[in-house]
Amino acid sequence: MGIGETMKTPLIDLVNISKSYDGQLIIDDLNLSIRENEFVTLLGPSGCGKTTTLRMIGGFEHPDTGKIIFDGQDITSLPAYKRQLNTVFQKYALFPHMTISENIAFGLKIKGKSKTYINDKIKYALNLVNLKGYENRMPDRLSGGQQQRIAIARAIVNEPKVLLLDEPLGALDLKLRQDMQYELIRLKNELGITFIYVTHDQEEALTMSDTIVVMNQGYIQQMGSPETIYNEPENAFVADFIGESNIIGGTMLEDKLVEICGTKFACVDTGFGKNKPVDVVIRPEDVELKPEDTNPLKGVVTHLIFKGVHYEMEVQAGGFEWLVHSTQMFPIGTKVSIYVDPFNIQIMNKPESEDEEAVGIDE
Amino acid sequence: MNKKKWLSTPYLIWMIAFTVIPLLLIGYYGFTTRDGSFTIQNITAIFSPAHSKALLKSLYLSLLCTVVCLLLAYPLALILKNKNVGQGGFVIMIFILPMWMNFLLRTYAWLNLLDDGGIIERIFSLVNIPYQSIIGTDAAIILGMVYNFLPFMILPLFNVLTKMDENVINAASDLGANSFQTFIKIILPLSLPGIVSGITMVFVPSLTTFVISDLLGARKIMLIGNIIEQEFSIADNRHLGSGLSLVLMIFILASMALINRYDKNGEGNAF
């Protein structure tokens with residue numbers, strides 16, 4: 001909220017965008033501002049409209065209503081080939097009948113650049129993605145990760161102001177994906193261009209982004225820095241989608257005091273009114289287990305799994321199954337009490353209807 | 001191992017009985033005279049004016065037919081590619097539907113439509129337009145060939161175009177190529193395998209046809225297919241017929257080799 005005003009002028013502005021397929025609304029009145037040099041991630045489950053949004057920015061889809069402003073110009077009806085941005089596609093989409101250097105040179109040749117300029121650019125790009133010496137290979141001779149890096153090289157030689165990436169790491173295995181995440185962050189910093197990244201992987205989003213836009217059912221659920229999205233989810237959907245969490249129905253008794261599971265907890269939120277039903281989000285790592293007699297909310301450990309860095313436990317307390325992550329181990333059957341630091345209790349308005357659950361963000 | 005070999009036996013027998021033996025027979029007859037002595041006269045007979053004229057005519061008409069089919073089928077396949085699959089499949093079926101009817105019947109139907117006193121002339125006379133039957137001309141034969149063989153061009157083109165990765169085409173336009181550049185640099189080269197198999201499947205049957213030229217050519221136009229057929233059926237000279245068949249086969253093999261070299265270039269790069 002208010003992100004648009006506090007920063008310098010946006011590079012891309014999506015204004016009241018709507019789009020439907022076969023009568024089904026995919027994007028509903030979407031507004032989104034993206035600044036220069038920002039790494040923005042559109043995050044959400046499949047079918048949330050994130051890819052459609054990206055494809056509309058790229059020019060492969062056109063909105064039914066609304067405007068797309070790019071660098072101060074309305075590009076809503078501009079075809080893809082006239083837009084000053086480049087896309088890295090989900091399955092790389094390299095030209096299978098061309099060598100690696102022909103692939104990379106494609107955009108530059110179309111623009112009529114000189115041979116020496118193109119050759120310099122190919123060298124520079126292959127160097128940048130650590131694939132020197134691959135000039136004359138065919139795309140199918142490369143691994144998935146290598147193809148992906150060529151797809152990025154093919155896009156960035158055109159010096160776009162914005163690079164659009166549509167789940168580019170989706171087809172790679174875990175280790176390669178993590179390497180590529182660092183690679184992308186490095187590229188972004190080296191090139192100083194705006195990245196718009198689409199993924200359904202929340203970890204990927206948290207790792208790479210300056211700004212995360214959480215989407216569901218064609219609406220923006222929340223937009224903010226990874227820390228804000230993780231620590232202060234605005235609704236149950238965001239809390240649930242980003243990491244694991246305990247989402248508990250409760251009552252806001254007064255400012256800074258909430259009742260959950262029949263127990264009063266001190267918190268830091270104000271302005272919800274008195275005796276207001278709310279949703280409370282507590283991350284599993286923020287639930288602290290204490291000896292039984294030290295806190296009012298008492299419970300029993302029912303499950304215990306060793307996860308490497310921490311133990312994952314479930315605690316039955318106050319009629320709710322609490323998910324707990326702790327480096328301290330409590331065997332099954334241990335009687336404990338639950339303490340939560342007031343700063344770690346996140347209060348959210350309870351949605352009164354399905355519709356309200358998916359509210360858009362007003363600028 | 002042995003089991004697998006057993007399974008291929010029926011096909012092996014089939015191939016020997018219906019491909020290898022007939023070929024050997026044609027080879028035998030082609031190089032012998034009626035009394036069984038060796039000769040190459042059945043082969044060199046292609047250089048006689050009547051035969052070489054027929055061969056050239058066949059090559060000319062079948063090439064023309066192939067080009068017409070390609071020019072008709074490619075835009076159609078391109079349009080259907082951009083429709084959703086259900087619709088595309090339906091339109092394809094309409095084009096293929098005539099193939100469910102007998103080939104002879106279809107060609108006779110054209111004869112009935114185009115002939116003097118045929119349906120088209122009667123319709124024309126209703127509105128007082130003079131009608132000159134095209135039966136017995138090259139145009140009639142081309143029409144019959146294109147009509148009969150067009151589906152063989154559409155199908156491979158439609159297949160190769162619909163299987164093309166949409167994002168590869170999007171990528172070209174993303175990199176600044178307009179529709180024409182995208183077509184020339186991406187779509188056309190990637191559809192080469194489809195073009196090649198379409199050409200093969202249209203060119204070969206139209207080069208060897210004798211039914212179409214028989215019916216729609218009104219026996220005025222002799223194609224190499226008609227000559228071979230008449231050697232077998234009317235002149236009862238299977239030796240000359242076989243010899244000319246061998247020559248025709250060489251032309252087909254040569255054109256296949258030529259086309260496949262293009263295909264190899266395309267495919268070697270593409271896959």
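**Notes on the two-chain model**

1. Let's start with Leu128(A): it is partly exposed, with 19 other C-beta atoms within 10 Å. The cut-off for buried is 20 or more such atoms, so with 19 Leu128(A) stays in the partly exposed class. Bear in mind as you read on that this is a predicted model.

2. Where does Leu128(A) sit? Its place is in helix H4 of chain A, which covers residues 115-128. Leaving aside residues up to four places away in sequence, Leu128(A) touches Ala153(A) and Leu187(A). Arg186(A) is another one to look at: it is 58 residues from Leu128(A) along the chain, with 9.8 Å between the two C-alpha atoms.

3. On to the overall layout of chain A.

4. Two backbone spots in chain A deserve a look. Asp22(A) is not a glycine, yet has a positive phi of about 45°. You'll find Asp22(A) in the loop between strand E1 (12-21) and strand E2 (24-34) of chain A. Is Asp22(A) buried or exposed? Asp22(A) counts as exposed, because it has 5 C-beta neighbours inside 10 Å.

5. The other spot is Glu159(A), again not a glycine, with a positive phi of about 50°. Glu159(A) belongs to the loop that links helix H5 (144-156) and strand E7 (162-166) of chain A. For Glu159(A) the count is 13 other C-beta atoms within 10 Å, so this residue is partly exposed.

6. Now the sheet with an open form in chain A. It has 5 strands in the order E15-E19-E16-E17-E18 (chain A), and the pairing is antiparallel. Which strands stand at the edges? They are strand E15 (288-291) and strand E18 (320-326) of chain A; each has a single partner strand, so one side of each has no neighbour in the sheet. On average, neighbouring strands of this sheet are turned by 45° against each other, direction ignored.

7. Inside that sheet, look at strand E16 (residues 298-306) of chain A and strand E19 (residues 335-339) of chain A: they run antiparallel and are joined by 3 bridges.

8. How many bridges join E14 to strand E11 (residues 246-254) of chain A? There are 7, and the two strands run antiparallel. In this pair, Ile247(A) stands opposite Val281(A) in E14(A). E14(A) also pairs with strand E20 (residues 346-349) of chain A, in the antiparallel sense and over 4 bridges. There, Asp279(A) stands opposite Met348(A) in E20(A).

9. Chain B is built from helices: there are 13 of them and 0 strands. Its C-alpha trace spans about 70 × 70 × 35 Å along the principal axes. Of the 271 residues in chain B, 31% are buried. Take the contacts in chain B between residues at least 6 apart in sequence, and 72% of them join residues at least 24 apart.

10. Next, the contact between the chains. Chain A puts in 19 residues and chain B 18 residues. Which elements of chain A give two or more residues to the side that touches chain B? Those are strand E6 (85-88) and helix H3 (100-110) of chain A. H3(A) has the largest share of that side of chain A, with 3 residues. Sorted by class, the side of chain A that touches chain B comes to 10 nonpolar, 6 polar and 3 charged residues.

11. Finally, helix H8 (residues 166-174) of chain B. Val168(B), Ile169(B), Ala171(B), Ala172(B), Ser173(B) and Asp174(B) are buried in this helix. What do the buried residues of H8(B) pack against? Their partners are helix H2 (50-58) and E6 of chain A, together with helix H9 (179-190) of chain B. Just after H8(B) comes Gly176(B), with a positive phi of about 105°.

Methods. Residues numbered from 1 in each chain as written. Chains lettered and ligands numbered in written order. Predicted model: local features only at pLDDT ≥ 70, side-chain atom pairs only at ≥ 80, totals over all residues. Contact = placed C-beta atoms within 7 Å. Nonpolar A, V, L, I, M, F, W, Y, C, P; charged D, E, K, R; others polar. Buried ≥ 20, exposed ≤ 12 C-beta atoms within 10 Å, placed from the backbone. Pairing = 2+ DSSP bridges. Axes fitted to C-alpha atoms, helices over the stretch in contact; angles between N-to-C directions.
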